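Trainee: Could we go through this structure together, beginning with the whole chain and then turning to single residues?

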Amino acid sequence: FRTANEYWTVSNKLDEMQGVYCGPGLWLDKETGRVHVRLSHLHLKVLGGANYRGQTDPRRIPLVVAGPLTPLVIDNARHLRLQDLVVRGSAVATVQIIESESVALENVTIYGGTPALAIRATAGLKLLDCAVRGLSAPWSSRASHKYRGCLPYLVIIEGRLPQCRDFEFAGCEFTDNHDGLIIGTMQKLRFHHNLVDNFDDDGLYLTLSRPVPPADIHVYQNVLSRTHTMFSFAQSGEPASNEVGPGVFICRNVIDFRRRTMSQPPSSADSDASTTLADHSREGRPASDHGSPKWEPMFVYHNTVISEGPAFRNYYGAGWGGHTRATTRRIFNNIFVQADGLPGLAFGPAEDDIQADGNLHWSYLAGPSHAGDFFTKYRASKAFADSKARYAPGWAATDIFADPKFTAFSSDPAEPLDLRLSKGSPAVDAGVATPAEWPDPLRSADEGKPDLGALPAGSAMLRVGPGTSK
C-alpha cells in the first residue's frame, strides 16, 4: 500500500511482498480498525489523461467507505416498485433481492459492491432505466483487479433452485468492473436497449454453475463494447456435465470493440515510454470460454460487430464459427467489420450443428487492396462441400466481402459512429430469411429481402441506456 513502484515488475502475481501502486484506494486494517487511504497521483505515460490527478489529501475530499453490510435488501417482497434512488457503500452486495416477486427498480443507480446486485429465487424482476456501476477507475487494469485488488462480478443471478425467472433488464447501463453479469442461470430474460461497457474480463456469462440450464434468453438491441470477452462460458451443471439449454437469441446488437481494456501496467519506465496503450491492453472478442465447456446454443443474427483483427484460429464471423462441439450455432445476416488482416473462414467440424449464411465481412485496412473473389478458394474446398450435409446451400454460400457503407464510420472511438446503412450499401436486401419464430423487433421495418446488420435501411439510430426502456 506504500510502494512508490507503478510498474508491473512482480515475479509472482500474488506475491504480497512485492508492491505495485495501482492508483487511489482504501484499505481497512481489521486488526487495528483503522482505515488507510492513499490518493497519490499516477505517472504512467501510457495512461495519458487517465492518470489520477485529483485531491491527494483524504481529509479534503468526501469518501464513501464501504462496510461489510448490504444497504438495500429486498427479501420476500411482492409488487414493489423503487424509483429514483442511489444505493452505494458496501464491500459486499450493494443490493440483494431474495425470494421476491414482481419487483421493479426504475431510475436507480447502484454502485458496487461485490457484487453491485445479487438476485436469488426471484420472479418478475424489472430493472428499467437504471445504472449499475462497478469498481473500475479509468486507470484500472485486469491485473490490478485480479491480483492486487478485488475481482467481483457486477450482477449475479444465482442459479440454485428455485431458479430466477421472467426478468426484464431494459434501458440500463452496466459498466466499469472486472466481470459483468451472470445471466445464463435463469428462465426467461429480456435484455434490451442496454449499454454493457468496460469489463476487463467477461461481460455476459451464458453458462456458469447451475442445476438446470437456462431457457428463453433474448439479448437484443444493445450496445456491447470495451470488454475482453463479451459472451462467456464456464463449466456448469451438477456434476460437471455441462448440460446446455435450448439456446440464446442474440439479435440486433451493436458489438463495438474499437476500444480495448487494459491488461496490466507497463513493466518498466522504458516500456512505458516506448509503447502505446495497445501494448498493455487486450482486444475484445465476441465469445470465449473458461475450461473448454460446451457453449450454450446461440442464434446470432442481424448484429453489427466491429473488431480489431483475425479471430482465434481464424474462425469465421469474428470467432462465432468455432467452438461448436455438442452445441447448436446459427449465424445469419450479420455485418462483421475488422481492422487488421482478412476475415476468417474457418469453421468447426462439418458434423457439428452449424448454419451460417447471408453475412457481410469487411476489413477496412486490408479490404480495399484485396483483389479477386474473397470466397473462391473456400467455396472450392472440401470443408464447404461437407457443410452442405448440415446446411444445403453450404456455409457462407451467399456471404459478401464488401464495404458495408455505414453512414459514418471511423476506427477512432472518439469519432462519431453511425452504423445505419447509407444509400447503395451492399448490405441492403442481401440477407437470407430467418425462421418466423425467431424474435426480431425490427422484422416488420425491413422491407423486401432482409438487410444485414443491426439496423435495416431507413431505421432510426439505436439508442440505449436510461430513458430508452419503453
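Trainee: What percentage of the residues of the chain count as buried?
Mentor: In this predicted model, 55% of the 470 residues are classed as buried.

Trainee: How many helices and strands does the chain have?
Mentor: It has 4 helices and 33 strands.

Trainee: And what does the radius of gyration say about the chain?
Mentor: A compact globule of 470 residues would have a value near 23 Å, and the chain has 23 Å, so the two agree. The C-alpha trace spans about 70 × 60 × 45 Å along its principal axes.

Trainee: What share of the contacts join residues at least 24 apart?
Mentor: The share is 66%, counted among contacts between residues at least 6 apart in sequence.

Trainee: Changing topic, where is Asp418 found?
Mentor: Asp418 belongs to strand β33, which covers residues 418–421.

Trainee: Is Asp418 buried or exposed?
Mentor: Asp418 is buried, because its relative accessible area is 10%, and buried means under 20%.

Trainee: Which side chain makes a polar contact with that of Asp418?
Mentor: That of Arg420, at 2.7 Å. Beyond four places in sequence, Asp418 touches Phe406, Thr407, Ala408 and Met461.

Trainee: What about Gly284: where is it found?
Mentor: Gly284 lies in the loop between β23 (281–282) and β24 (285–289). Its relative accessibility is 6%, so Gly284 counts as buried.

Trainee: Which residues is Gly284 in contact with, leaving aside neighbours within four places in sequence?
Mentor: Those are Thr227, His228 and Phe257.

Notes
Residues numbered from 1 in each chain as written. Predicted model: local features only at pLDDT ≥ 70, side-chain atom pairs only at ≥ 80, totals over all residues. Heavy atoms only, no water. Helix = DSSP H or I, 4+ residues; strand = E, 2+ residues; numbered from the N terminus. Buried < 20%, exposed > 50% of the residue type's maximum accessible area, 1.4 Å probe, protein only. Polar contact = N/O pair within 3.5 Å; in protein donor to acceptor, adjacent residues only side chain to side chain. Contact = heavy atoms within 4.5 Å. Rg over C-alpha atoms; globule rule 2.2 N^0.38 Å.
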